[in-house]
Amino acid sequence: MDRLLKCMAPNLRNLFHSVLDWDKVEEIRLRVNQPLVIKEQQKEYGLNAAGRCRPSEGFRVNADDIARTVEIMAENSWYALEDEIRAGYLTLAGGHRVGICGRVVLENGLIKTIKYINGLHIRLAREVPGAADQVMPQIVRSGRIISTLIVSPPGCGKTTLLRDISRQLSNRGFNVVVIDERSEIAACHHGVPQLDVGWSAYVLDGCPKAQGIAMVLRGMAPQVIITDEIGHPNDGLALADAARAGVQVIATCHGSAWDSVRERAWMRHGGAAFQQVILLSRRSGPGTIEQVLKLD
Amino acid sequence: MLRILGAGLVVAACGAGGLIMARSYSVRPQNLQSLAAAVQMLATEIHYARSSLPEACRRIAGQIDNPAAAFFARFAEVLAGGRGLTAAEALDQSLAVLADAGFANQDIELISQLGAVLGRSDAEDQLKHLAILYERLEHSRIKAEQERDKMARLWNYLGFCVGALVVLMLI
């Protein structure tokens with residue numbers, strides 16, 4: 001966690017000595033003039049000079065702490081991360097994801113940047129090797145990959161599952177291409193995957209999915225394309241192209257029930273790219289498989 | 001004979017002193033030119049490669065001459081040192097390299113003003129600030145060259161004239 005702590009303002013770094021088990025920490029929340037909060041699985045706590053405490057008694061983060069932390073996280077190079085900041089997040093070395101809140105600046109109706117940053121939501125990246133063990137027999141049958149859509153509400157472990165599917169397929173020698181539009185699957189930092197997606201996986205980082213699918217179909221000869229959070233109608237068109245090209249797709253999308261997902265616009269073309277759907281929940285912890293649906 | 005030799009030595013010594021003074025006026029324009037070139041390179045790194053500030057400064061340090069190279073290398077090192085400094089603080093800590101190399105205070109001041117904005121906005125804004133700094137450095141360089149031309153000519157002659165005057169007074 002040294003690398004993560006080095007991304008914090010010096011003023012905040014010393015507070016973290018009382019975090020004993022970093023493996024349990026899921027989130028760190030910094031908000032201007034509010035207490036620093038740490039979320040560990042189902043509980044939350046604050047930190048102060050004496051150690052762990054109730055959030056309301058914790059150290060209060062000020063605007064300078066936030067500004068300094070953002071500057072360090074951006075490696076003093078805001079301009080180099082414009083696209084990520086416009087999308088509302090940064091990816092740190094180690095694959096940790098930082099959501100950014102503040103005053104949004106618009107230009108011609110589009111987000112130009114975020115200023116007066118008032119909140120940072122740090123989600124710690126964690127690899128869970130073996131997370132996909134339970135679904136792999138469904139994904140690879142008789143040596144063939146079955147195109148699969150993974151559906152769940154946020155926070156149910158879709159991306160973790162997808163990453164481990166990539167790792168396992170790739171390590172079995174399949175030619176895997178990961179299109180990682182938001183740098184969440186491989187968590188690339190300066191182009192280098194920070195999380196294990198397998199030894200034979202290529203990663204197209206920061207690329208919009210529809211364009212990325214077209215690119216890799218032309219140049220990478222993939223056997224399987226892995227991508228996260230399908231949602232735009234153009235994604236559906238690109239998925240249909242991949243299916244026509246005989247390329248298998250493993251993808252995720254937000255949703256709590258298959259009936260609501262199948263009605264979405266992107267499904268009109270993209271639905272045909274999938275042969276099965278896996279529904280996840282948090283019922284028995286992140287990554288609980290609720291149902292596997294075969295599609296006609 | 002000894003007198004003539006002595007007189008010759010006095011004129012030569014004063015003349016050499018004048019030439020050294022004249023030469024000192026050519027250092028500042030060179031320094032400013034080197035800094036202005038580095039600023040343009042930084043703008044290119046930001047515009048085309050979107051390199052992070054430490055990476056861009058490290059690369060620039062490898063492509064220019066000292067003392068500007070030493071300054072950029074130091075700035076990159078301080079930025080990447082993991083001490084949680086802002087770009088402004090890192091720049092302040094690196095300016096000593098320029099001061100030690102004999103940069104004029106007004107030139108150091110120009111660079112230090114960049115600290116307030118460097119790395120803290122989008123590329124478009126960064127390029128505007130760098131263009132302004134480049135203009136200022138170029139303006140200072142032109143003025144320094146004019147001063148060099150004027151003062152260098154003066155010192156080139158003045159040294160020998162002073163030497164001759166001293167000889168005349170001693171005879």
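1. The largest pocket of this predicted model has a volume of about 900 Å³. A pocket here is an open set of points on a 1 Å grid over the protein atoms alone, where a 1.4 Å probe fits, with protein on both sides within 12 Å along at least five of seven lines. A volume is the space filled by probe spheres set on the points, which are joined across faces, edges and corners.

2. Its lining counts 31 residues (each with an atom within 4 Å of a point). Closest to the centre are Arg123(A), Leu124(A), Gly155(A), Gly157(A) and Thr160(A). Strand S1 (25-31) and helix H6 (158-171) of chain A are the elements that give two or more residues. H6(A) provides the largest share, 5 residues. Helices (H or I, at least four residues) and strands (E, at least two) are DSSP runs, numbered from the N terminus.

3. By class, this lining has 12 charged, 10 nonpolar and 9 polar residues. Asp, Glu, Lys and Arg count as charged; Ala, Val, Leu, Ile, Met, Phe, Trp, Tyr, Cys and Pro as nonpolar; the others, Gly among them, as polar.

4. The second largest pocket has a volume of about 760 Å³. Of its 32 lining residues, Ala80(A), Leu81(A), Asp83(A), Glu84(A) and Asp205(A) lie nearest the centre.

5. The largest share, 5 residues, is from H4(A). The classes split into 13 nonpolar, 10 charged and 9 polar.

6. Residues are numbered from 1 along each chain as its sequence is written, and chains are lettered from A in the order in which they are written. Totals for linings use all residues, whereas local features need pLDDT of at least 70 and side-chain atom pairs count only at pLDDT 80 or more.

Technical notes
Side-chain values use heavy atoms; hydrogens and water are left out.
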